[in-house]
Amino acid sequence: MKNLVILGAGTSGTMMANHLIHKLDKEQWKITIIDQYKTHYYQPGFLFLPFDLYKTKDVKKKGKKYIPKGARYINQKIDRIIADENLVKLEHETVPYDILIVATGTKIAPQETPGMKEDNWHKNIFDFYTYEGSKGLRDKLREWKGGKLIVHITEMPIKCPVAPLEFAFLADSYFTNKGMRDKVEITYVTPLEGAFTKPKATAALHHLLEEKGIKEVTDFDIERVDFKNNKIVDYGEREVDYDLLVTIPTNLGDEMIERSGLGDDMNFVPTNKATLQSKAHENIFAIGDATNLPASKAGSVAHFEAEILTENIMRFINNEPLKEEFDGHANCFIETGHGKALLIDFNYTHEPVEGTFPFPGLGPLKLLKESRMNHMGKLAFRWIYWNMLIKGTHIPFVSATMSESGKKYDTVEN
Amino acid sequence: MEKVIGNKTINVNEEGYLTDFSQWDKEVAAELAKEKNIELTDGHWMVIDYLQEKYKNEEALSIRGIKKSGKFNIKEFYNLFPGGPLKISTLIAGIPKPKSCI
């Protein structure tokens, strides 16, 4: 009997277990999936929870419900991967593997920035990338009387790079609905040159920020949070004052990766960007936020990766050459507030495009344009997530690699 | 596009970054720096050498990476190239502008 072991039962890991359970020969292969936590969080929901748009029950479910019956599900902390011996050491046992899939994701590291995780953490400095942060922020916003709100990115890369922008847009909408928009000054502070990582989308998003009266501070590399005086300071001594700081702290790969000696200097696993095989060991593959791929860290990317990785695992088992097929495809809804959303579609080499999705010329979703239909699409996505995506069901009409028909696109230079 | 700088012609992209590193020399650097109101000192050259070394080894540049390298202090880096140190220093060093990861 051979062992395929998946580390992490989040979006990527759960999807891989569900894909592979149908593909691997049950007589020959045993699938084991390991995660220290019993709860599966719907992370895209952490964006909506602070604004009372979702309830806590919308974002957390029992992980076990989504793990296929034929797989072994272990809830233990992972100590380390011993790659030279093909072993994974857990808290209470050691698990051997023939093939290993690393899907341990990324998490916030507020301790990387001086002053961030000090006395005022989760008092007037919040993240919304954790369940605790998102829920704490909801409670704070419910009673907040207004003032200076900063939405801040510490450094790239971060999970879901559009989330902070969406947060700013939704905040505008939230305070407008509460009749207190005039009491809140919203400022978007980023280490990037503009609102997003891709120039085409940045132009469209900059326009929206302006329209909603959200100020932008760009090229801001934070040095410290002066939590006593409520300001953030960059290396050039620029300061921005806040009453409420909503920050996306540094994102790092899991510490287990560091303990295993398998990560880069941010604990992400160096991975072949087309095949998803790790660069260091041919029987170790990586998927989702845990990789160092130059693609967005997002569920949609993981979803596209999962289809290609499943194929490559089968090829690896059959001693066939791996498919160099992953193109960095990402497809993200961007909530813009007031019941509307944008949709963007891009990959390693192509900018977010204009056009329609998923049907060329028909839509119904419009790329890079604000619409109510896009917002409905984003809301529908929660159902798709729990019922199709993590179960590994193919989403009709949406392909793993990016389709160019029906879209206007520009190729990214350099 | 072509750009005349001092007594040399160089090829640059629309943001002013050299597209052919072989056209770079210390005079070009000094002229590019002048356009940014920077007079190059030993401190600047140390940064430029470091950046070019990284570029030759195809290593990605980031503020975090520079901090970790321990080569120089980030505050000093900001003082040397005010406004956007990585963007400005790479332009003067004749190497591409660092792409911020997605």
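Two residues are taken to be in contact if their C-beta atoms, placed from the backbone, lie within 7 Å. I need that for the first item, helix 4 of chain A. Bear in mind that this is a predicted model.

What covers the buried residues of helix 4 of chain A? The cover includes strand 12 (147-153), strand 13 (184-189), helix 5 (199-211), strand 18 (244-248) and strand 21 (330-337), all of chain A. Eleven of the 15 residues in helix 4 of chain A are buried, so the helix is largely enclosed by the rest of the structure. Among the buried ones are A:Leu165, A:Phe167, A:Phe169 and A:Phe175. The buried set also includes A:Glu166, A:Asp172 and A:Ser173.

On geometry, helix 4 of chain A covers residues 163-177, and at 1.5 Å a residue it should span 21 Å. After helix 4 of chain A comes A:Gly179, with a positive phi near 70°.

Next, a helix pair. Two packed helices are described by the angle between their axes and the distance between the axes. For helix 1 (residues 11-23) and helix 7 (residues 299-317) of chain A, the axes come within 9 Å and cross at roughly 35°. The crossing of helix 1 of chain A past helix 7 of chain A is right-handed. From helix 1 of chain A, the contact residues include A:Met15, A:Met16, A:His19 and A:Leu20. Helix 7 of chain A contributes, among others, A:Ala302, A:Ala306, A:Leu309 and A:Ile313. By class, the residues of this contact are eight nonpolar, six polar and one charged.

Now the sheet. Chain A has an open sheet of five strands in the order 5-2-1-9-20, with parallel pairing. Which strands are at the edges? They are strand 5 (72-74) and strand 20 (284-286) of chain A, each pairing on one side only. From one strand to the next, the twist averages 20°. Within chain A, strand 1 (residues 2-7) and strand 9 (residues 99-102) pair in the parallel sense over four bridges. One bridge there joins A:Val5 to its partner A:Leu100 in strand 9 of chain A.

Last, the contact between the chains. How many residues does each chain give? Chain B supplies twelve residues and chain A supplies 15 residues. On the side of chain B that touches chain A, helix 3 (63-69) and helix 4 (74-80) of chain B are the elements giving two or more residues. That side of chain B divides into seven nonpolar, two polar and three charged residues.

Notes: Residues are numbered from 1 along each chain as its sequence is written. Chains are lettered from A and ligands numbered from 1 in the order in which they are written. This is a predicted model: local features need pLDDT of at least 70, side-chain atom pairs count only at pLDDT 80 or more; totals for chains, interfaces and linings use all residues. Axes are lines fitted to C-alpha atoms, for helices over the stretch in contact, and angles run from 0 to 180 degrees between N-to-C directions. A crossing is left-handed if the near helix is turned anticlockwise from the far one by less than a right angle, and right-handed if clockwise. Ala, Val, Leu, Ile, Met, Phe, Trp, Tyr, Cys and Pro count as nonpolar, Asp, Glu, Lys and Arg as charged, and the others, Gly among them, as polar. Two strands pair if DSSP finds at least two bridges between them. The expected span of a helix is 1.5 Å times one less than its number of residues. A residue is buried if 20 or more other C-beta atoms lie within 10 Å of its own, exposed if 12 or fewer, and partly exposed in between; C-beta atoms are placed from the backbone.
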